[in-house]
Structures are given as C-alpha cells and as structure tokens.
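Let's take a walk through a protein together. Have a look at the picture first, and then we'll go through it step by step.

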Amino acid sequence: MIHFLKRLFLFLIFVAALLSPLCLITIGGEKMKYIDNPVAALIDKQERLKTSKGKRIIIVGGSNAFFGIDSKLISEQLGIEVVNMGLFAGFGLDFMLQQLQGNLKNDDIVLFSIEYLLMSKPNPKAKESIIKYFPIGATFINEPISFEDKLINKIKLNVESIQNIALRPLKSKSTTYIQTREMNEYGDAIGYLKFKKPPHPDFNVKIEYRKWEGINKIYNFVTKSGVKSNNFYFIYPPIPKSFYHVNNEVIIKIENDLKLNNFVKVICKPSDMVYDDTMFFDTYYHLHNEGREDRSNKIAMFLKQSNAIN
C-alpha cells in the first residue's frame, strides 16, 4: 500500500510538472495568435477599435457584416477608415453595443447592420465561446469567471494552440471550408473567399414578427454614446430572395417600426439588400464574393447620398 501511494504521489508530481507551463503561460501571448477559432477575432477587432486614428466608420452587426462587407472597398471609395466589428449574431445586441462603450469618438460614424429581430442576450454557445476566447468580454455580458475556470480555460487554449500549430500544414492544403479567424486588417472575414460555394441549405426560413426590443436599446445607446447624434445610420442585412418572399409581411412591419423611430437614419430599403440565393455562401446573411462586393458598393453609395461623410 505504501509503495502504491508513493507511486501515485510521484505520478501526480509528474502530471503537475507537465501541466504547470500550460497554467503559467499563454502560448501565442495575450492575442492568442495560434487560436484559429473565429471568436478569437474579437481580440483583433477590439484592438483596432481602440487604436485606429482619425474619422472612422464603425460597423456594428453579426455575421452579415463579418461575411458580407468589403471594408477596404468602402474605405477607398469614401476616403475614411472603416472598423468592422461584426462577427456573430449569436453574441446578441447587448454584447455588440457594450464592445463600443468608451471606444467611440465624437466624429465617428456608426453604421448598424443588424440581423432581423436580433436577440439581446447571447445564446449559450456564444456565451461559452466569449468566456473562453475573449475573457474580457465576460464583463460585457455580466458573466463572472472564477479563478478555477480561468485556469482550466488557459490549459484548454494552450492545448488548442499546440494542436493548431501541429495541424497548420494540413489546414493549408485542405479544400474543405471551416470557419476560421482569418480576416483582413479592417475586420472582414476573408478565409472563406477562396473556397467554392458549398451547397446552400433551404433559405425558406420563417421568422415570427414581434416588437423588436433592439430599437429601444439602440436609442439608449445613441443618446449616451458621446457621438454626434446625426452620425448614426442603419442598413438592412443581406438576405436571399427566397427568404425575402417567405418573410415579406414580417419585414414590412419591421421596416415600419424603424420608420417611427428617427434617431438613426435608415439609408436603404429591405429590398435593396435582397440577392439571388446563389450569392450566399453557406447560410442566409453570408454573402460570397460577388454579392459582398455589390453590397459594399451600395453601402458606400447610400452613405454618400445621405451626406454621412460631409
């Protein structure tokens, strides 16, 4: 029995010695540069929001903005910096607005590209991902992280980083698309552009109308943001024709609700952002190259027409 306990003790010491580096350091540094999960892109987006200079267009939204905007094109056409904060609708509107708190300047232009009837709170999977890959974001969703959870997450991230480093040669040769952290300096997703369009799912998804609580949340944000009140704009998200036809009545009601609230300038109609089903990559809201470029040209044009830049 004594020999067994000695062996067990030595084994535990050995395991602790192996795990201790994973607990004490972060492989890839605080930016977690070896983590390829797209949620880790929040780190890069937040840094650009804090450090970019001059007059800017700040784009707020979910994956419709992440996958469906060419910020470089908009920046070149308008002669102004663009910061694309869009990533996933699953984070919820509250999180998206909290990301901006304390990071906006008086002359910033804020462009909301929000999915229809976007929920306020993050879904469980999104919440879990935020805590793991963007721990500072836990404060945005009022989710405290215990010391034990921080320690366990650090070990998980280090193991994931090692796996990503080892698998990098295989990933570079793969022809199968997976969502990645890869994006350009503006914050747009670009990792999917080199892949062929996968067969898209059925876009005839029905949404149920409700009075969208996001209108009041955006109003409260606008009034407290410190940004000029006339520097807030709203565009509708891109959707497939089949989705538009199925949800036309609901979309008209949402459009009317937004018209009653003039604290943000709605610079397009829902129909302006309707595209052929073949323009979408893997799900509705995710435009591929051609649609992404066309939408970005439209956004630049609508902003010019609304005198946003002047």
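How many positive and negative side chains does the protein have, and how far apart do the centres of the two sets lie? There are 41 positive and 32 negative ones, with the two centres 5 Å apart. Here Lys and Arg count as positive and Asp and Glu as negative, while His and the chain ends are left out; each charge is placed at NZ of Lys, CZ of Arg, CG of Asp or CD of Glu.

A quick word on what you're seeing. This is a predicted model, where local features need pLDDT of at least 70 and side-chain atom pairs count only at pLDDT 80 or more, while totals for chains, interfaces and linings use all residues. Residues are numbered from 1 along each chain as its sequence is written, and side-chain values use heavy atoms, without hydrogens or water.

Now for the overall build. The protein has 11 helices and seven strands (DSSP runs numbered from the N terminus: H or I with at least four residues for helices, E with at least two for strands). Along the principal axes, the C-alpha atoms fill a box of roughly 80 × 45 × 40 Å. Of the 310 residues, 49% are buried, meaning under 20% relative accessible area with a 1.4 Å probe, counting protein chains only.

Let's zoom in on one residue. G214 sits in helix α8, which covers residues 214-224. G214 is buried because its relative accessible area is 0%. Between G214 and K259 there are 14 Å in space, C-alpha to C-alpha, and the two are 45 residues apart in sequence.

Note on methods. Buried < 20%, exposed > 50% of the residue type's maximum accessible area, 1.4 Å probe, protein only.
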